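This briefing concerns the structure shown below.

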Amino acid sequence: ETLQRLTFDPGINRGPLWSPPDGARVVFTRAIDSTEEIFWQAADGSGVPEALTQDSGRQIFANDITPDGKNLLFMDVNPPRDIWQVPIGEPGAEPVALIATPANEFSAQVSPDGRWLVYQSDESGQAEIYVRPYPAVETGRWQVSRGGGTRPRWSRDGRELFFFIPASGSAPSAVMVAAIEAGATFTPGAPRTLFTGDFAAPNDSRQTYDVTADGERFLMIKAIVDDSGPPTQIVVVENWFEELQRLVPN
């Protein structure tokens with residue numbers, strides 16, 4: 001139960017991801033001058049961070065490591081946002097655009113069996129969830145969400161796709177799920193609401209939730225909902241030190 005710092009450089013480090021399959025490393029994005037690069041570091045804090053991208057010359061953000069651990073998927077932060085891929089362990093390898101269109105594509109994640117790529121795109125005019133074959137992304141495309149969707153996540157067994165719908169007006173935010181039929185082709189079921197609540201979604205291109213390996217529990221960021229306005233009173237607690245001594249005697 002002791003907090004342990006992982007990165008120590010003075011810059012900004014953000015967007016952590018676990019490396020598959022065992023989470024032995026943590027992948028993160030580091031700001032360097034006016035650009036960003038992606039690094040990974042042993043999760044136990046040993047060793048030093050290793051660069052997975054070099055001389056990107058732009059703002060980028062890590063999305064996923066493929067299940068075989070061979071490729072890094074990342075997005076270009078500046079619009080139009082595209083999905084890029086670079087091999088891991090090949091110093092000097094040039095990234096290639098995996099999905100690049102006039103629309104914004106991001107939040108890419110490869111299915112646990114390595115066959116499908118899910119991502120978010122606003123090509124229809126609003127954010128929706130799409131799936132393509134992987135790595136041959138140009139050989140097919142399916143829309144999974146109906147009426148909006150962000151932040152897709154595969155279940156650990158690849159049989160379900162989760163995605164998030166931010167709150168709108170009086171409607172709360174929702175986590176949706178679509179069943180995926182096993183087979184040679186991609187066959188998604190109709191999305192249904194898994195649960196709703198007041199969950200934060202500060203940026204539509206960042207993951208703001210996660211799901212456990214068994215698909216039964218979700219880690220969410222709860223939004224602060226307070227319509228009462230600024231505080232109108234101050235509560236003063238007297239003799240708190242005496243109470244502390246009573247509870248925790250010397």
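A salt bridge is a side-chain nitrogen of Lys or Arg within 4 Å of a carboxyl oxygen of Asp or Glu. The model is predicted, with local features requiring pLDDT of at least 70 and side-chain atom pairs pLDDT 80 or more, whereas totals for chains, interfaces and linings use all residues. Residues are numbered from 1 along each chain as its sequence is written, and side-chain values use heavy atoms, leaving out hydrogens and water.

**Salt bridges**
- The count by this rule is eight salt bridges.
- Arg141 and Glu123 form one of them, with their closest N and O atoms 2.4 Å apart; Arg141 lies in the loop between strand E11 (128-133) and strand E12 (142-143), and Glu123 in the loop between strand E10 (116-121) and E11, 18 residues apart. (Strands are DSSP runs of E, at least two residues, and helices runs of H or I, at least four, numbered from the N terminus.)
- Arg141 is partly exposed at 43% relative accessibility, as is Glu123 at 37% (buried means under 20% relative accessible area, exposed over 50%, partly exposed in between; 1.4 Å probe, protein chains only).
- Glu36 and Arg14 meet at 2.6 Å, N to O; Glu36 is buried at 5%, while Arg14 is partly exposed at 27%.

**Sheet**
- Four strands form an open antiparallel sheet in the order E5-E6-E7-E8 (two strands pair if DSSP finds at least two bridges between them).
- Strands E5 (60-65) and E8 (96-99) are the edges, each pairing on one side only.
- Strand E7 (residues 83-87) pairs with E8 over three bridges, and Trp84 stands opposite Ala97 in E8.
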